[in-house]
Structure formats: C-alpha cells, structure tokens
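Please walk through the structure below one region at a time.

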Amino acid sequence: MIRDLANPTRFMSLAGALLPWVSGVAVLLLAIGLYQVWFVAPADYQQGETVKIMYIHVPAAWLSLFFYSTMALSALGTLVWRHPLADVSQKAAAPIGAAFTLICLVTGSLWGKPMWGTYWQWDARLTSMLVMLLIYLGILALWNAIEEPNRAGRAVSILTLVGAVNVPIVKFSVDWWNTLHQPASVFRLGGPTIHSSMLIPLLVIAVAFTLVGVALHLAGMRTEILRRRVRTLTILEAERLDARAA
Amino acid sequence: MRSFRALLIRDLKLAARVGGSGMMGLVFFLAIVTLIPFALGPDLNLLSRIGPAILWIAALLATLIGLDRLFQADEEDGSLDLLRLAPVPMEIVVLAKVLAHWLTTGLPLALAAPFFGLLVALSPEAMLAMVVTLLVGTPALTFIGAIGAALTASLRRGGLILAILVLPFMIPTLIFGVAAANAAVGGTVPFETPFLILAALSLIAAVIGTFGAAAALRAGE
C-alpha cells in the first residue's frame with residue numbers, strides 16, 4: 001500500500017477520488033457536531049456557556065499533536081526509506097498543525113479570561129504548547145529558506161525529529177507538573193471523567209476536525225506535487241531554451 | 001583521534017587569529033548586561049534578585065551570536081567538502097568543531113561571569129553558582145545550536161533562521177540553569193536537583209547534537 005503510493009501519479013488519482021468524500025463527511029459531521037454543541041449539550045453548572053469553547057479547544061489540541069506526529073513519521077519516511085511522498089506529506093502537514101496549535105492557544109486564552117481571570121499563565125501545559133507553536137513556525141521558516149525541495153525535505157526532517165521530544169512533554173505536562181490546566185479527562189486510564197452528554201458532542205467534533213485536517217492534508221499534498229511538477233517543467237524548459245541559444 | 005586533535009587545533013587557531021569570535025561574544029555579553037539596568041532602573045536589590053536570569057539570558061544570546069559561522073565558513077571556502085570526503089566520521093568532525101567553539105565562546109563566558117556579576121550586585125555565593133552552572137550548561141547550548149548551524153550552513157542569511165530554529169530547544173537549559181543558580185543562594189529546592197538535571201541536559205544535547213548535526217551536514221551536500 002505504502003509502496004504503491006510511491007508513484008505520485010497513482011497517489012494523485014487516489015487522493016483526488018478520496019478528497020470530495022472526505023470533505024463531504026467532514027462538513028456533515030461538523031454540522032452535526034456544532035448543532036449538538038449549541039442546542040443539545042448542557043451548559044456547565046460552574047462554567048456556564050463558556051464550556052462550549054472546550055469543544056473547539058480540545059480537538060484542536062489533539063490535532064496539533066496528531067499533525068506533529070504525522071510530520072515526525074513522514075520525516076522518518078524521508079530519512080530512512082527515502083519515500084518520495086514523505087516530504088510532500090511533511091510539508092503539507094506543517095501549516096495545518098501550526099494552525100490547529102494557534103486555534104488551541106487562542107481559544108484556551110479566551111476561555112482562561114472568564115474562568116481563571118487571566119488570558120495567559122506560565123503553566124507547564126500552556127508553555128509547552130507555546131513552544132510547540134514556535135517549533136512549528138521554525139519548521140515553516142526552514143521550508144521557506146531552502147529552495148531545492150529534496151534538500152529542504154531532509155533538513156526539515158532532522159529538525160522535526162529533534163522537535164518530537166516536545167510531543168510527550170505537551171501530552172504529559174499535566175501529569176508531571178502540578179498545573180493550573182486541568183489533567184486529562186478523556187484519554188486516561190479508568191475511562192473518561194466527563195459526562196456522556198458532553199463527551200459525545202466532543203468526540204463528534206473531534207472526528208469532524210480530524211477529517212477536516214485530513215482533507216486539508218490531502219489537498220495540500222496534491223498542490224505540493226503539482227508545484228514540484230511545475231518547477232521541474234520550468235527547469236527543463238529553461239534548459240531547452242538555453243541549449244537552443246547556445 | 002589524530003584527525004580530531006588536528007581539527008580542534010585548527011579551529012582554535014582560526015578563532016584566535018581570525019576575527020576573534022570569543023572576544024566578540026564577551027563584548028556582546030557585557031553589552032547586554034549593561035543594557036538591562038537601563039531598562040529596569042538601577043535598583044540593586046531588584047538586579048541582584050534577577051541577576052542570574054539576566055546573566056543566563058545574556059550568555060544564551062552571546063552563544064547564539066557566533067553559532068551561524070560554525071559550519072558556514074567551512075562551507076564557503078570548501079573545506080567542509082574536503083571533510084566530507086575525508087575518511088573521518090562526520091560525527092568526529094562535528095565534535096571537534098563544537099568543542100573548539102565552546103572553548104572559545106562558552107568557557108570564556110563562564111569564567112567571566114563573576115566579573116559581570118558585579119554589575120548586577122550578585123553575592124559571592126551567587127557568583128560561584130553562576131560560574132558552575134554556566135560551565136555545565138553552556139555546552140548544551142552549543143550542541144543544540146550546532147544542529148541549527150548545520151541545517152543552515154549553506155543558507156546565505158542563516159543567522160536569523162538559526163535563532164528561530166534553536167531558541168525553542170534552549171528553553172529547558174535556560175529553565176534549569178537559572179533554577180540551579182537561584183537555588184544556590186537560597187530557596188526551597190536544594191542546589192543539586194536542578195543542577196543534576198542541567199548536567200543531564202548537557203549530556204543529552206551532546207549526543208543528539210553530534211549525531212543530528214552530522215546527519216544535517218551529510219544531507220546538505
């Protein structure tokens with residue numbers, strides 16, 4: 001499966017066929033999820049309506065880590081197997097992950113003002129997430145700095161793998177340090193500590209966000225493949241003109 | 001081993017005779033330490049309380065200043081290509097160059113810390129703690145920076161992007177460096193706890209930095 005996809009043309013046709021379906025289901029689930037959040041899910045007895053920020057905040061945080069892991073796996077694919085699509089996948093995942101990280105930080109800070117009384121707190125979870133955003137931005141900067149796609153891919157892979165140490169730090173920061181941010185309440189040993197009337201909309205939104213992310217990732221990969229084709233064709237054309245002039 | 005020593009001596013000679021990046025780092029360090037009291041106001045109590053933090057930030061920035069030339073100069077004049085062809089593992093090359101770089105920037109910074117500590121009214125114990133923590137902590141900064149330097153060796157304006165790439169990774173070193181320096185002058189945590197973590201960070205950075213920078217240099221050919 002993975003080896004078959006090494007052929008960019010085959011990947012293009014498969015991704016092109018999948019993309020409308022993934023996007024369609026994503027939109028549908030997002031509509032259902034948002035409906036549930038606004039009209040079905042109860043307001044929290046302490047937080048009131050601000051609890052609804054959580055339905056955006058938590059999935060965005062999960063996907064920020066999800067896309068970093070995708071990038072790290074793709075980086076292994078680039079360095080170890082020299083898979084031709086691995087660095088395309090890495091490059092497409094970086095801006096999506098950075099966007100989810102930013103959404104997570106912004107929604108968290110909007111929730112923090114009424115609940116904690118401050119937009120920002122130098123707490124382990126918040127700080128490690130901010131570092132995550134900085135690492136994402138560094139990766140994007142390095143992609144832009146090196147022009148040749150293959151060299152850029154290998155350089156970014158090394159940076160991505162070094163930065164992967166931050167993923168477990170973000171995940172377990174609430175367990176290792178005594179933080180203001182509440183500890184994990186969904187993915188934990190002993191089951192979720194959140195009532196099903198809130199858990200179900202949260203999971204629906206999480207799946208919807210994941211599909212939105214996957215759709216964006218596929219579209220980004222297709223764009224990147226096309227961009228590389230244009231680049232190669234431009235170089236070939238320039239060489240042809242050069243040869244004719246000589 | 002012979003090539004390691006030859007490379008180390010070559011880099012030390014280059015640092016002593018051309019440009020003198022070690023001196024520049026110290027001057028930059030002094031400039032930052034001088035600048036901060038202008039921003040905060042010359043309140044000696046406040047300065048001595050945040051002195052370790054000021055010195056650590058200044059040391060971090062001073063380390064960063066020279067890093068972009070670590071591999072770039074060799075990339076430009078072609079000696080890096082010769083080193084790639086040489087029968088020496090790239091890891092040894094990186095280790096020699098980083099060690100030379102640390103001896104000319106990190107070590108002088110650590111040794112000069114008591115003098116700069118006078119400017120921010122540090123107590124003698126705090127000065128000693130600064131020397132020890134900088135001595136143990138700055139190798140981590142140099143090794144982490146080496147990865148960034150290797151990744152940006154062939155870029156024309158590598159300096160700025162180098163800073164963006166490596167600063168997030170230097171945060172843990174900064175946290176535990178300042179924590180250890182503060183713990184030495186009092187506080188609830190014993191000095192050893194953050195200090196040992198700082199030493200561990202340096203050792204981990206030495207491993208990851210050496211292999212990461214070597215991989216980046218090989219990938220960059």
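Leaving out residues up to four places away in sequence, A150(B) touches F71(B), A213(B), A216(B) and L217(B). The model in which these contacts are found is a predicted one. A150(B) also has a place in the largest nonpolar core, which holds 128 residues: together with L142(A), A150(B) touches the most other members. The element that gives the most to this core is helix 8 of chain B, residues 124–151, with 15 residues.

Helix 8 of chain B also packs against helix 7 of chain B, residues 106–119, and the two axes lie 8 Å apart at an angle of about 155 degrees. Angles over 145 degrees count as roughly antiparallel, and helix 7 and helix 8 of chain B are therefore described as roughly antiparallel to each other. The crossing of helix 7 of chain B with helix 8 of chain B is right-handed. On the helix 7 side the residues that meet helix 8 of chain B are G106(B), L109(B), A110(B), L111(B), A113(B), P114(B) and G117(B). Their partners in helix 8 of chain B include A126(B), M130(B), L134(B), T138(B) and T142(B). By class, the contact of helix 7 with helix 8 of chain B has twelve nonpolar residues, four polar residues and no charged ones.

The loop between helix 7 and helix 8 of chain B contains A121(B). Most residues other than glycine have a negative phi. A121(B), a residue other than glycine, has a positive phi, near 55 degrees. A121(B) counts as partly exposed because it has 17 C-beta neighbours inside 10 Å.

Where does chain B meet chain A? On the chain A side, the elements that give two or more residues to the contact are helix 4 (124–145) and helix 5 (149–163) of chain A. In total, 15 residues of chain A are in contact with 15 residues of chain B. Helix 4 of chain A gives the most to the side of chain A that touches chain B, with eight residues. That side of chain A is made up of twelve nonpolar residues, one polar residue and two charged residues.

Now take chain A as a whole. Chain A has seven helices and zero strands, and its pattern along the sequence reads α-α-α-α-α-α-α. The C-alpha trace of chain A spans about 80 × 35 × 30 Å along its principal axes. Of its 246 residues, 34% count as buried. Among the contacts in chain A between residues at least 6 apart in sequence, 77% join residues at least 24 apart.

One helix pair in chain A can be followed in detail. Helix 3 of chain A, residues 86–116, packs with helix 7 of chain A, residues 196–245, at an angle of about 130 degrees and with the axes 8 Å apart. That angle makes helix 3 of chain A oblique to helix 7 of chain A. Helix 3 of chain A passes helix 7 of chain A in a right-handed crossing. From helix 3 of chain A the contact takes V88(A), S89(A), K91(A), A92(A), A93(A) and I96(A). From helix 7 of chain A it takes G213(A), L216(A), H217(A), G220(A), M221(A), E224(A) and I225(A). The residues of this contact divide into seven nonpolar, four polar and two charged.

Is M221(A) buried or exposed? M221(A) counts as buried, because 21 C-beta neighbours lie inside 10 Å and the cut-off for buried is 20 or more. Apart from neighbours within four places in sequence, M221(A) is in contact with A15(A), V88(A), S89(A) and A92(A). M221(A) and I194(A), 27 residues apart in sequence, are 36 Å apart from C-alpha to C-alpha.

R82(A) is not a glycine, yet its phi is positive, about 50 degrees. R82(A) counts as partly exposed, with 13 C-beta neighbours inside 10 Å. G117(A) is exposed, because 8 other C-beta atoms lie within 10 Å and the cut-off for exposed is 12 or fewer. The C-alpha atoms of G117(A) and L76(A), which are 41 residues apart along the chain, are separated by 43 Å.

Terms used
Residues numbered from 1 in each chain as written. Chains lettered and ligands numbered in written order. Predicted model: local features only at pLDDT ≥ 70, side-chain atom pairs only at ≥ 80, totals over all residues. Axes fitted to C-alpha atoms, helices over the stretch in contact; angles between N-to-C directions. Helix = DSSP H or I, 4+ residues; strand = E, 2+ residues; numbered from the N terminus. Parallel < 35°, antiparallel > 145°, perpendicular 65-115°, else oblique. Left-handed = near helix turned anticlockwise from the far one by under 90°. Contact = placed C-beta atoms within 7 Å. Nonpolar A, V, L, I, M, F, W, Y, C, P; charged D, E, K, R; others polar. Core = buried A, V, L, I, M, F, W, Y, C linked by C-beta atoms within 7 Å.
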